[in-house]
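Q: Could we go through part of this structure together?

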Amino acid sequence: MAAAQHAVSIATDVSILRSLSPGQPFWSFGQSVQGALHLKPKESLYAQVSYYTNGKFKNRMAATARDAATTPQSLGYTAYSAIRMRHLSLGWKHYFIGTYDNELGWNLYGTAGFGLLAGRAENRYDKQVDTALYTVPQKAVAGSAHFKRLTFDVSLGAEMILGAGVYLYTDVRTWIPTTDYPSPYLYNNNLPRTLMVNGGIRVLLD
């Protein structure tokens, strides 16, 4: 009965994501949907789902000959890669300035939580590499595969009321990996290293 008395909010936004992972820089566009349970005027629990378009990038690589008689001894090629990410985050939201139902002025808030990143990496080469003759690097392997990471998620944002319990907000978010499951389909396993800028609308449901 006490839980039923808490107000809730539903929010949605559009997002621009920049990957800062070495060797894997890309831009991606996405959307997030968030539900929040407001326990106190300044304290809330949130659950958020985000999904993004494919982020594309390329790297120049080299395969080395297995035999000294093979010519050439080094074969250069380009790996064209794409990474798609989906993310689920659960955590805490705190209002530093204002409250979840503030009808005057503006709000400043931050979030902290833990998440699960589900990704898919795909690589293709601009030329055929005969692996019987050449040894290719154990990264950005041709083909595709899924990968997962646990993350620590933080954000800082601001919002203002538009009227009738509808708020316009913008925030900056990042995901920090807390686990490392190596994948040969990633050029660099230091993923995710991301920075997202988001803008959207939150609707307060009393």
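Predicted model: local features only at pLDDT ≥ 70, side-chain atom pairs only at ≥ 80, totals over all residues.

A: Residues are numbered from 1 along each chain as its sequence is written, and side-chain values use heavy atoms, with hydrogens and water left out.

Q: How many bridges join E8 to E9?
A: Twelve bridges join strand E8 (residues 143-163) to E9, and the two run antiparallel. Strands are DSSP runs of at least two residues, numbered from the N terminus, and two of them pair if DSSP finds at least two bridges between them.

Q: And which residue stands opposite Val166?
A: Gly163 stands opposite Val166 of E9. The hairpin of E8 and E9 has two residues between the strands, and Ala164 takes a positive phi near 55 degrees there.

Q: What about E10, how many bridges join E9 to it?
A: Eight bridges join E9 to E10 (residues 194-205), again in an antiparallel arrangement. Val172 has Val197 in E10 as its bridge partner.

Q: Changing topic: where is Asp153, and is it buried or exposed?
A: Asp153 lies in strand E8 and is buried, meaning under 20% relative accessible area with a 1.4 Å probe, protein chains only.

Q: Which side chain has a polar contact with Asp153?
A: The side chain of Thr151 does, at 2.7 Å; a polar contact is a pair of N or O atoms within 3.5 Å, one able to donate a hydrogen and the other to accept it.

How values were computed:
Helix = DSSP H or I, 4+ residues; strand = E, 2+ residues; numbered from the N terminus. Buried < 20%, exposed > 50% of the residue type's maximum accessible area, 1.4 Å probe, protein only. Lys, Arg positive; Asp, Glu negative; His and termini not counted. Salt bridge = Lys/Arg side-chain N within 4 Å of Asp/Glu carboxyl O.
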